[in-house]
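Here are some notes to read beside the model. They are in numbered points.

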Amino acid sequence: MKFVAYPRELQGTGASRRLRISGKVPGIVYGAGEPLKIELDHNALFHALKKEAFHASLLDMEFDGKSQQVLLRDVQMHAYRPQVLHVDFQRVDATTRVTKKVPLHFVNEENAPGVKLDKGLISHVVTELEVECLASQLPEYLTVDLGELAKGQSLHVNDLKLPPSVKVVLRGKKNPVIATVVMQAAEEAPAEVAAPTVAAAPAAKGKKNEKQNKK
């Protein structure tokens, strides 16, 4: 994906506020050289942020007539308005190793035996993973094939088929669960609430007959 950045001459809180009022977003690019202060068009950036690829893939930033590759590193949003306040990018090249979270794309869920035969549901325990690799080999997403997941089974990180150059960064558990088959709860039979009412009717009739006999 491509985007255009412009030099940001003015600095400070007041300058950033004026930029935002004029429809711009202040930002910075760091890594592989001197930090570069930039500004971007807010509307273009806001719509780009809605795309998954903008968060998890190499981006071509056009700046001062030249193109350089960067990664999105941080976005600051307004507390309650749909407004981007600041954005950070990292400048990368072919030798840069990066650590980045990438989304998981689940496929063949409807063909899993646990779903197709046993009427279970797939629970997506994890929807993204942190990976380490060369920036040039960063995957936009990782594909998770659920086609063989049966009742009582779970899919773990070690079950994923990763590109040779990509390594999953694990923090805590050594082999966490990615997805698992969850069986739907059986529907309970409706309670028989009418029985006590029916049983009570003869008793009431009996009392009535008893009163008639006394008369």
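1. Start with Ser57. Neighbours within four places in sequence aside, Ser57 is in contact with Val70, Leu71, Leu138 and Glu140. Keep in mind that this is a predicted model.

2. Ser57 sits in the loop between helix H3 (52-55) and strand S4 (59-63). Is Ser57 buried or exposed? The relative accessible area of Ser57 is 10%. The cut-off for buried is under 20%, so Ser57 counts as buried.

3. One of its polar atoms lies 2.4 Å from the backbone oxygen of Ala53.

4. Next, helix H1. H1 covers residues 13-21, and Ala15, Ser16 and Leu19 are buried there. Viewed down the axis of H1, the buried residues fall within an arc of 100°, so they line one face of the helix. An α-helix has 3.6 residues a turn, so residues three or four places apart point the same way.

5. What do the buried residues of H1 pack against? They pack against strand S2 (24-30) and strand S3 (36-41). The face turned away from the buried side carries exposed Thr13, Arg18 and Ile21. After H1 comes Gly23, with a positive phi near 90°.

6. Now an open sheet. Four strands form it in the order S10-S7-S9-S12, with mixed pairing. Strand S10 (142-145) and strand S12 (167-168) are at the edges, each with a single partner strand, so one side of each has no neighbour in the sheet.

7. Strand S9 (residues 128-134) and S12 run antiparallel, joined by two bridges. Glu132 is opposite Lys167 in S12.

How values were computed
Residues are numbered from 1 along each chain as its sequence is written. This is a predicted model: local features need pLDDT of at least 70, side-chain atom pairs count only at pLDDT 80 or more; totals for chains, interfaces and linings use all residues. Side-chain values use heavy atoms; hydrogens and water are left out. Buried means under 20% relative accessible area, exposed over 50%, partly exposed in between (1.4 Å probe, protein chains only). The arc is that of the directions from the helix axis to the C-beta atoms. Contact means heavy atoms within 4.5 Å. Two strands pair if DSSP finds at least two bridges between them. A polar contact is a pair of N or O atoms within 3.5 Å; within protein, one must be able to donate a hydrogen and the other to accept it, and residues adjacent in sequence count only if both atoms are side-chain atoms.
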